[in-house]
Amino acid sequence: MSKLYLALRNARAHPVLFLRASTAVSVPSPQTHNNYQQSHSRFSTALLLGGATLALLLSANSNLSECEEAPRQDRIRGTYENKIRFFSPPEKIFETFAHSKDADGKLVMSYADFFRALTPYNYTEIKDNKPYFEKYQPDVLKVADANGDGVISFPEFLFFITLLQLPIGLLAKEFAKVDAKEMKMNRDQFTKTFTNLRKKTLLGQKQTNKSGILDARNISAKEEDFLAANDEIIRQLFTGREHSTLKDFIDFREKLKTALRHYEFHQYGLVDEEKESISVEDFAKSLLVCLPLNHINKYLKRINQIKLEGEVTFVEFIAFQRFIDDVDNIKEKVLAYRYITVEQLRQLADEFTASDDYCKSHKVRITDAQINALVKLLDLDDNGQLDHDEVVGVLEERQMLGQGRDAEIKEAISGGVAKGFQWLKDTLKI
Ligand SMILES: [Ca+2]
Ligand SMILES: [Ca+2]
C-alpha cells in the first residue's frame, strides 16, 4: 500500500494522527494546550461560494428582535462581516479588515485585524480582541507575518489563506510527481509547486481576476511580493529539515488551524478563567457555523428560547468540534433510521472519543450538556430527538474551500495518485 493511501486512511479514521508534528509552529496557549487541532473551517469554504448582498443581509437581520444578548449593531456588523469572509474575493476581505497603512500607503493588517478576518462572527457582542494578544503570542503569526515587520501585508495574507485552504488532494498529486514513494519534496520543489498551486486554486484565480470594486492602489501586490512571502513561509516549514513530506505539511497546517480555533474560543467570554470554560449557550452559538447561513436567525432565536445550562471547557470544545467534523457519521444514522435519539448520539460520541487520539491524550469526554445543546438547537419540532429533516441538509461539516474530506479523497482517486482506494470507495460510498 502506498504512503498516501495510508495517510488518507489514517486521516479519516484517526484525524489526530496528523497532529504529531515536528514543525516550529505551536499553539498559542501559555500552558497546556499544545496539541489540539481542528481540521476544517467552514467559513473558508464559503470564501468560494459566490457574492452576497447587503440587502439580503439587512432583511435577514430584521427579525432578530428576540435575540437580546448581542447588541443589534454588533449582529448587523458581524453578519455583514461574515458575508465578506464567506463570499468575497481575498482583496475585499483584506480591505474590510485591514485598518492601517504602511509607509507606501498600502493597506496592512495588525495581528488583531488578521485574526478577526480569519475567524467567523460568533453571535455575541463584538469585543476588543487586543487583550487576547496581550495574553497569548500565537506562533501562527511567525508564519503569517513572513517578513516579521509586525503587520500582515496583502501578499502575506493571501499566501496564508492559500496555505490553509489548499486541497490536500491537489497537493498530494504534486508530491507524488516528485517522489511517489516517500511523498517528500525539498524546499525548491515545494516553493515551485506552491507558487503554481496558488495560481491554480480558485482563491488565487479570484485574486487574479480583479473585481474592479477595490482601490488597487491600496491593495495591489506584485508577483515578486508574493514570491517573497512564499519563500519566507516555506523557509519556516523547512526549518531544520532538508525535505518535507506531505504529512509534515498537513501537521504544519493543522497547527495553524488550531491556533485560530484557540482564538475563536477565547472570543467568547470565559465563565471560569481557571477552568478555561465558556457557557453552554456560547458553545451552542459556536455550532451555528455548521448550519445554513440563511437560517441562522431561526437557530439563534432557539438558543435564546431553550434553556441551556452549564459550561464547556476548551478541551471539550475541541473534542466536540472533532466529533462534528465527522458529521457523516451522524448523518448515516439519521439516514438509516430517519431519526437519532439523544442516547444514540451519546453512544456515537462515546465511540468517537474512545478512538480519537486527541480525546484520549487529553482524557476528555464529550459531555451530556454538549449533546443536549446540539439536540435542543436542531430539534425544531421539540420531540426530543433529531429527525431526518432536522439534520440532513442542515448540519454540515466545517470544511475548507468547498472541499470536504470526501472531496479531497475523491480528487486523489481521480488523479490516480495512489492505487488501492477501493476500500475507501466501498466504505465511504464515494
Ligand atoms: Ca509582514
Ligand atoms: Ca425532532
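The model is predicted. The protein contains 25 helices and eight strands, and buried residues account for 44% of its 430 residues. Of the contacts between residues at least 6 apart in sequence, 78% link residues at least 24 apart.

**Helix α6**

- Helix α6 spans residues 111-118 and is mostly covered, with seven of its eight residues buried.
- The buried residues of α6 are Tyr111, Asp113, Phe114, Phe115, Arg116, Ala117 and Leu118.
- The cover over these buried residues includes α4 (72-87), α5 (90-97), α7 (130-135) and α8 (140-144).
- Helix α15 (246-266) is also among the elements that cover the buried residues of α6.

**Packing of α10 against α15**

- Helix α10, residues 168-179, packs with α15 at an angle of about 150°, and the two axes are 10 Å apart.
- Because an angle over 145 degrees counts as roughly antiparallel, α10 is roughly antiparallel to α15.
- The crossing of these two helices, α10 and α15, is right-handed.
- On the α10 side, the contact is made by Ile168, Leu171, Ala172 and Phe175.

**Annotated EF-hand spans**

- UniProt, in an unreviewed entry, lists residues 139-167 and 366-401 under "domain: EF-hand".
- In the model, the span 139-167 is 59% helix and 0% strand.
- The end C-alpha atoms of residues 139-167 lie 23 Å apart.

**Valine 108 in strand β2**

- Valine 108 belongs to strand β2, which covers residues 107-108.
- Valine 108 counts as buried because it has 23 C-beta neighbours inside 10 Å, where the cut-off for burial is 20 or more.
- Alanine 98 is 10 residues away from valine 108 along the chain, and their C-alpha atoms are separated by 5.5 Å.
- Leaving aside residues up to four places away in sequence, valine 108 touches Ala98, Ser100, Lys101 and Asp102, among others.
- Val151, Ile152 and Ser153 are also among the residues that valine 108 touches.

Conventions:
Residues are numbered from 1 along each chain as its sequence is written. Chains are lettered from A and ligands numbered from 1 in the order in which they are written. This is a predicted model: local features need pLDDT of at least 70, side-chain atom pairs count only at pLDDT 80 or more; totals for chains, interfaces and linings use all residues. Helices (H or I, at least four residues) and strands (E, at least two) are DSSP runs, numbered from the N terminus. A residue is buried if 20 or more other C-beta atoms lie within 10 Å of its own, exposed if 12 or fewer, and partly exposed in between; C-beta atoms are placed from the backbone. Two residues are in contact if their C-beta atoms, placed from the backbone, lie within 7 Å. UniProt positions are given in the numbering used here, feature names are shortened, and annotations may be inferred rather than shown by experiment. Axes are lines fitted to C-alpha atoms, for helices over the stretch in contact, and angles run from 0 to 180 degrees between N-to-C directions. Angles under 35 degrees count as roughly parallel, over 145 as roughly antiparallel, 65 to 115 as roughly perpendicular and the rest as oblique. A crossing is left-handed if the near helix is turned anticlockwise from the far one by less than a right angle, and right-handed if clockwise.
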